[in-house]
Amino acid sequence: MDPAVAQLALMARNSACANEILLEACARLQPGEWEAPRVGFFPSLSATLHHIHAIDLYYTDALTGGGLGPRAFREAPVFAGREGLAAAQGAQDRRLIGFCEGLAAADLPRRVVTDRGDRGRVEERVDLILLHLFQHQIHHRGQAHAMLSGTSVPPPQLDDFYLDFGRVPAAARWLGPLQE
């Protein structure tokens, strides 16, 4: 696998691992804590993590030529509980990993359309969309992580994925063949 493609695939796997760990922590919240008002860009853990999922859907749809445009996030499902979101996010994460692993080096500079609704259609590079998407996920997972500090569940370790030292046990499932 091309080194740049391998790095993007590894970043997709890291993202899946972090989403899984964060959503598992949310499964231990006391009743009412998932949807309780919190300080952040979005007003609750539920809203923040649903936003990550919705934007993941939007960009993956653009990358794969799905044609949904803004409908991908406007019509993204809102789940009553954490379990539904965890299943949907897990499926989305596996889809993104598959997309990244299917790339060739020649695909990275290829331009795809991101439909911005009333702001128009913008062509963006595949590699830069992926980098933006990973940064977006990290940004909002950090907010959710901070929100957990005000709950009965301590925020979990999310950044020990790449290094052998301190690697979270969940990483072993996500590293797969890329760990060699």
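**Close-up 1. Packing of helix α1 against helix α5 in the predicted model.** In this predicted model, helix α1, which covers residues 3-26, and helix α5, which covers residues 126-148, pack at an angle of about 20°, and their axes lie 11 Å apart. Because angles under 35 degrees count as roughly parallel, α1 is described as roughly parallel to α5. The crossing in which α1 passes α5 is left-handed.

**Close-up 2. Residues that form the contact of α1 with α5.** On the α1 side, the contact is made by L8, M11, A12, S15, A18, N19, L22, A25 and C26, while α5 contributes D127, L130, L131, F134, Q137, R141, A144 and L148. Sorted by residue class, the contact of α1 with α5 consists of 12 nonpolar, 3 polar and 2 charged residues.

**Close-up 3. The largest nonpolar core and the surroundings of L130.** The largest nonpolar core comprises 48 residues, and within this core L49 and L130 are the residues with the most contacts. At least two residues of this core are supplied by each of α1, α2, α4 (82-101), α5 and α6 (171-175), and the largest share, 14 residues, comes from α1. L130, which also takes part in the contact of α5 with α1, touches L8, L63, L96, F99, C100 and L103 when residues up to four places away in sequence are not counted.

**Close-up 4. S46 in helix α2.** S46 is located in helix α2, which spans residues 45-63. Its relative accessibility is 12%, and because buried means under 20% relative accessible area, S46 counts as buried. Not counting residues up to four places away in sequence, S46 touches W34 and E35.

**Close-up 5. F79 in the loop between α3 and α4.** F79 is placed in the loop that lies between α3 (71-74) and α4. With a relative accessible area of 24%, F79 is partly exposed, whereas S46 counts as buried. Although F79 and S46 are 33 residues apart along the chain, a distance of 8.8 Å separates their C-alpha atoms. Leaving aside neighbours within four places in sequence, the residues in contact with F79 are H50, G84, L85 and A88.

How values were computed: Residues numbered from 1 in each chain as written. Predicted model: local features only at pLDDT ≥ 70, side-chain atom pairs only at ≥ 80, totals over all residues. Heavy atoms only, no water. Axes fitted to C-alpha atoms, helices over the stretch in contact; angles between N-to-C directions. Helix = DSSP H or I, 4+ residues; strand = E, 2+ residues; numbered from the N terminus. Parallel < 35°, antiparallel > 145°, perpendicular 65-115°, else oblique. Left-handed = near helix turned anticlockwise from the far one by under 90°. Contact = heavy atoms within 4.5 Å. Nonpolar A, V, L, I, M, F, W, Y, C, P; charged D, E, K, R; others polar. Buried < 20%, exposed > 50% of the residue type's maximum accessible area, 1.4 Å probe, protein only. Core = buried A, V, L, I, M, F, W, Y, C linked by side-chain atoms within 4.5 Å.
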